Amino acid sequence: MDFKLVNSGNFTSAEIQELSNCLKNILNIPEGSIPLARKLGMSWANLSQIPADMENEYATELIEKVEEFEPRVSVSEVSFSYKAEMVIVNIVLERREEVLW
């Protein structure tokens, strides 16, 4: 699974790069694998489900994890595209105005 951040126009390219690094860490870690941060990461249990179910559960969890672990942004949209045998998660972010960068 690969991730693509879609700039909603509110971010500089440097901010997108920084957010990309932070979100890839959150989204690529299996949930429960970090000893003092067991909630960090994504559950991999739903990845073997049929695509429609997997997409729905994964998108819901992704939005919750970004809200919890990346306070600078919120997710406004999650979509999935497929290329060969690779799933690409397209994530549209919005800036949370109340958080200072």
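**Figure 1. The hairpin of E2 and E3.** In this hairpin, two residues lie between the strands, and Ala84 takes a positive phi near 55°. The model is predicted: local features need pLDDT of at least 70, side-chain atom pairs count only at pLDDT 80 or more, and totals for chains, interfaces and linings use all residues. Residues are numbered from 1 along each chain as its sequence is written, and side-chain values use heavy atoms, with hydrogens and water left out. Ala84 is found in the loop between E2 and E3. Its phi is positive although Ala84 is not a glycine. Most residues other than glycine have a negative phi. Is Ala84 buried or exposed? Ala84 counts as exposed because its relative accessibility is 83%; the cut-offs are under 20% relative accessible area for buried, over 50% for exposed, and partly exposed in between (1.4 Å probe, protein chains only).

**Figure 2. Strand E3 and its two partners.** Strand E3 covers residues 86-95, and seven of its ten residues are buried. Strands (E, at least two residues) and helices (H or I, at least four) are DSSP runs, numbered from the N terminus. Two strands pair if DSSP finds at least two bridges between them. E3 runs parallel to strand E1 (residues 2-7), with six bridges joining them. Within this pairing, Val6 has Val92 of E3 as its bridge partner. Strand E2 (residues 73-83) pairs with E3 in the antiparallel sense, over ten bridges. Ile88 in E3 stands opposite Ser81.

**Figure 3. Surroundings of Glu70.** Glu70 lies in the loop between helix H2 (51-69) and E2. Glu70 counts as buried because its relative accessibility is 5%. Which residues is Glu70 in contact with, leaving aside its neighbours within four places in sequence? They are Leu19, Cys22, Leu23, Ile26, Lys65 and Arg96, where contact means heavy atoms within 4.5 Å.

**Figure 4. Ser43 in the loop between the helices.** Ser43 has its place in the loop between helix H1 (13-28) and H2. With a relative accessible area of 21%, Ser43 is partly exposed. Apart from neighbours within four places in sequence, Ser43 is in contact with Glu31 and Glu61. Met1 is 42 residues from Ser43 along the chain, and their C-alpha atoms are separated by 13 Å.

**Figure 5. The protein chain as the setting of the close-ups.** Two helices and three strands make up the secondary structure of the protein chain, and from the N terminus on the elements run β-α-α-β-β. The C-alpha atoms fill a box of roughly 40 × 35 × 20 Å along the principal axes. Buried residues make up 36% of the 101 residues. Of the contacts between residues at least 6 apart in sequence, 48% join residues at least 24 apart. The accessible surface comes to about 6,200 Å², and 53% of it belongs to carbon and sulfur atoms; areas come from the Shrake-Rupley method with a 1.4 Å probe, and for residues only the protein chains shown count as cover.
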